Every structure is written in C-alpha cells, then in structure tokens.
Amino acid sequence: MTLEAGECPNGHVSYPTHPRCPECGEPQEETHDLSGQTAEVVTWTKSTATPPGVRQPNTLAIVEFDVDGEAVRALGQVTTEDVETGDEVEPVHVEELRDPEVGLKSENPESQEWGGYRWDPV
Amino acid sequence: MGVAVIGASMTKFGQRDAWIRELLSQAGEECLDDADVTPKEVEHLYVSNMASGEFEGQTGVMNMLAHDLGVLPAYAERVDQTSSSGGAGIYEAWQSVASGASDMTLLVGGEKMTHKTTGEATDIIASITHPEEYKHGVTLPSFAGLTARHYLERFDAPRESLARVAVKNHKNGVDNPKAQFQKEITMEKALDSPIIADPLRLYDFCPITDGSAAMMFTTEERAKEITDEYAVVSGVAGATDTQVVHERDDPTVMGGVVESSKQAYEMAGLGPDDLDVAELHDMFTILEFLQLEGIGVADQGTAWEMAMDGATEKDGELPINTSGGLKSKGHPLGASGVAQGVEIYEQLVGEAGPRQVEADTALACNVGGFGNCVITTIMEAAE
C-alpha cells in the first residue's frame, strides 16, 4: 500500500493517479511515493454527521506535499482532533479507514481498497 | 431557434408520504395544466433524477412517468447529473426544442429521500466521490467544511457572513408555500446550532427532502400562439471540474461555475451586470459565496461582503434565492435544478406572489457534487 502520485511526460503531478493527466491529457507514466515525506495542512474539518461504518467524529484534512517543487495535495483522515492549518504532518498507514462491510458498497467491498494513510501531526 | 418556457409547477417540498412515482406524476400533471398542453402534444419527456434506484429500488422512472402521464409515444429519457440533474434536464429540454427534434418538451425532476436515515442518504450521495476520498469517510458536507475554513481564513471573512446567508434564505422561504421550511431563523440560532462539519453548523446545510418540479418547453413561435406569459431560455451551458476536489488549483474557485456561466453569458449576449435576480445552489452556505464569485457578480474573496451589506436580500441590489434556496426550500436532488428554473420563470412572468421582484433577466446555477459538474441557465422575460 503506497501513497502514490502520478506524473505525466510534461511534469504535471497529481494525487491520486489517473490514466491520463488531468491538466494536459498525456498518460501518467511516472509515479512518486509520498508516504515517506511530510506535508502541510491546507485546511481541515471535523465531521460529526458521518455515514455508516465511518468513525465519529471524523477529522479530515487537505494537506500539501512538495514534489520536485510542485505542490501536490491529498485528502485524508487525521489521527487526532487537535490539528490546525499550517501544521506539519506525516502519513501513517491504517489497514482499514472505514468498515467495508457497512454502507452502500457493502454489497461488493472488493470493488476498492480500504486501507490508506492518516495524517499525524509531527 | 428560440426556446420558450410556457408553464411550470412544483410539488410541496419536504417530508412526503408519496414515493417517486407519485411525486413525479403530480408535478407533471400540474405542469401540463399550467401550460395548457395536452399529454398527446408532448413529444419529448425528460426526467431528472439522481438515484431512485439507490433510494427506493425504483429504476426506469422515465418510462414509468411517460405511461402515467399518457404522453406515449413521446421519446423519454432519464437525466442523471447528480445534484445538477435538474439543470442538466433544462439543458436537454432546451437542446431537444432548439434542434427541432421536439416542438413540445416536458421536463420533470424529482427525488424521494427522507425515508432513509441521514447517514444512509449521506452515504448514497458520498458514493459519487473518488475511492481515495470515499474510503476516508468524506461526505459532501465535509467538503463544505474544508472549503469554508479555507475561505474564511484566506479572505479574512467573518463567520457571521455565512450565517447571514442562512438567515436570508430562511426569510425568503417564508413567502414560498412550497418550501420545506417556512420559518425564519435568527443569527443566534444559526451560530449556536450543532457542528456538522467544523466550522459549519446545522443551519449552514440544506435538508434532506422529497419533492418534484416541472417545466414545459416549446418554440418561441408556438409559445406566442399559446400565451403572452412566457420566458425565453437565452443562455444555457454546462461544464465539469475535477472529481477529486483537492486536485483543483484553487480550492475556492469552482471551475464548472466559471466556465458554464461564461458560456451562458456569451450565448445570451449578457453579463453579470444585466442580472435582476438569481437562484444559486446553496446546498451549503459557503456555496452561495463561491457561486457569486464564479458567475462574476463579485470578485474572488469578496462575496461575503455582499451578504454582510444586504446586497443579496430580496430588496437588495441583486436578490439571491428568492425561493428560499435549497437551504429552506429543500433539496430533493433531481428536482432542485428544475425548481430553480421554476422560480426564475415565475419571477419573469410575474407569478412569484409575495416573493415577486422586478426582473427581466434571471440566472440559475445548479451544482452537481462539490462543483464536479455545473449547469448555468439564463432566462429572459418575453418582449
């Protein structure tokens, strides 16, 4: 399980990856593993009305990584409710971010991956 | 070819016992009556609906409605564009008449949602997100919280400005007998309500709603034969933005709003200064600011000042959401964009009752997802 950003031949980077670059339409052939580097919190929220199978409250943040000078953002759960804009965070892997056996996708939980990275303030 | 709207209707929005079948047929029948059109005159039928399969196990709603309204053998199609399904229906209906494929097109939008728990309904709506977002439990309200915090911090806007949007739209909704809430709220109530997605609270969000709305489209030539009271669709366009919200260059810019409104203005030969009234997609209070900026009425980072100055009140410089907006009127997904069209039509033909403002040119902006897709419609009163 990686935290992988995609890069196209024109140097545009996105997270998550896409078959074609959202900016120029070229195939994204390169990838960058973001899991070993820190990021900065751009904004955050604490969601109290969560769907079935999701922790409550669910603190979420959009964070910004630096990939060769290009800002690349990602969204994820935060490990704590104590977070502020501008905080430095590091990705921490979690096996299951929400219960795949509950909710609309419980009929086919294998349709996607459920593990991923939370942001832990450094 | 000029495309006219000659009739409109809307069921009561709110918690209804009726299921999707009855809601759609109620609005459809009332629209036929309002336009004084017989079912057999209808050549195309569009049904805007996001998720009747997921909400109540009912699919094929266009064939159901075509049969129930007796419009057979009209061409029938379901239009799904998530929360902007209604606006997309307006676009489809406009295309059908403008292309010459149909001389009489009925659009009906509807959704039945309140029988699900808030969590279940939230999950159905959140299923539009990318798997990398969905697995984190992100919801549309949480996108609103993330964006609102960024907007308030970056543009130094007071928290009260968002509450003012809620208070205004509730006030407008009092005069709309079809609205889910016909009840004013105070600033204190808005600012003290429970946190849903910090910094946003309960009154920053629209409710979960059942309801349906409909509009009748025909050529301008035929409209003139039928009635003096009609409006013309002078501009309509749709656009998309990234599915993954954090991939946008600027989290406070809704690219779909900017692009669709730009195209709609060009088609109509008009600009933001020409608008007399507008219905914006206030699913969350912060969206009213992002759309005022996206459609060019306010510069980036300044729309909150319009709320604080009262410029968007019913008696202000540019009345926004005279219907009460999604905030107090309710948000039955597939019906909402059509209901926006119903409101601006009624304003343009002088049928808005106590909500009436002076208006010859009106805009409706219907947003799908968190700005994933947007339809902007401009209508003008008949000359």
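Predicted model: local features only at pLDDT ≥ 70, side-chain atom pairs only at ≥ 80, totals over all residues.

Reader: What kind of peptide bond joins L72(B) and P73(B)?

Author: The bond between L72(B) and P73(B) is cis, with omega about 5°. Chain A has a cis bond as well, from Q56(A) to P57(A), and there omega is near -5°. P57(A) is placed in the loop between β4 (39-47) and β5 (58-67) of chain A.

Reader: What is noted about phi of T82(B)?

Author: Phi of T82(B) is near 50°, a positive value in a residue other than glycine. You'll find T82(B) in the loop between β3 and α4 (85-98) of chain B.

Reader: Which residues in α8(B) and α12(B) meet?

Author: On the α8(B) side they are S161(B), L162(B), V165(B), A166(B), K168(B) and N169(B), and they meet T285(B), I286(B), E288(B) and F289(B) in α12(B). Sorted by class, this contact of α8(B) with α12(B) has 5 nonpolar, 3 polar and 2 charged residues.

Reader: What makes the pair E288(B) and K168(B) a salt bridge?

Author: Side chains of opposite charge can pair when their charged atoms come close. For E288(B) and K168(B), the N to O distance is 2.9 Å. The cut-off is within 4 Å, from a side-chain nitrogen of Lys or Arg to a carboxyl oxygen of Asp or Glu, so E288(B) and K168(B) qualify as a salt bridge. The pair links distant parts of the chain, with E288(B) in helix α12 and K168(B) in helix α8 of chain B, 120 residues apart. Over all chains, the structure holds 16 salt bridges.

Reader: Why are α4(B) and α15(B) called oblique?

Author: α4(B) and helix α15 (residues 333-348) of chain B pack at about 60°, with axes 5 Å apart. Under 35 degrees would be roughly parallel, and roughly perpendicular starts at 65. The angle of about 60° falls between those limits, and α4(B) and α15(B) are therefore oblique to each other. S85(B), G86(B), G87(B) and I90(B) of α4(B) make the contact with G334(B), G337(B), V338(B) and G341(B) of α15(B).

Reader: How do the residues of the contact of α4(B) with α15(B) divide by class?

Author: They divide into 2 nonpolar, 6 polar and no charged.

Reader: Now the two chains. How many residues of chain B are in contact with chain A?

Author: 33 residues of chain B are in contact with 38 residues of chain A. The area buried between the two chains is about 3,100 Å², and carbon and sulfur atoms give 58% of that. In chain B, K135(B), H136(B) and H246(B) lose the most area to chain A, together 25% of what that side buries.

Reader: How do you know that R98(A) and D123(B) meet in a salt bridge?

Author: Their side chains come to 3.2 Å, N to O, and the limit is within 4 Å. The rule finds 1 salt bridge across the interface of chain B and chain A. There are also 23 residue pairs in polar contact between the chains.

Reader: Which element gives the largest share of the chain B side that touches chain A?

Author: That's α7(B), with 7 residues. By class, this side of chain B has 11 nonpolar, 11 polar and 11 charged residues.

Reader: And how many helices and strands are there in chain A?

Author: Chain A has 0 helices and 8 strands. Its C-alpha trace spans about 40 × 35 × 20 Å along the principal axes.

Key: Residues numbered from 1 in each chain as written. Chains lettered and ligands numbered in written order. Heavy atoms only, no water. Contact = heavy atoms within 4.5 Å. Helix = DSSP H or I, 4+ residues; strand = E, 2+ residues; numbered from the N terminus. Nonpolar A, V, L, I, M, F, W, Y, C, P; charged D, E, K, R; others polar. Buried area = accessible area lost by both parts, 1.4 Å probe. Polar contact = N/O pair within 3.5 Å; in protein donor to acceptor, adjacent residues only side chain to side chain. Axes fitted to C-alpha atoms, helices over the stretch in contact; angles between N-to-C directions. Parallel < 35°, antiparallel > 145°, perpendicular 65-115°, else oblique.
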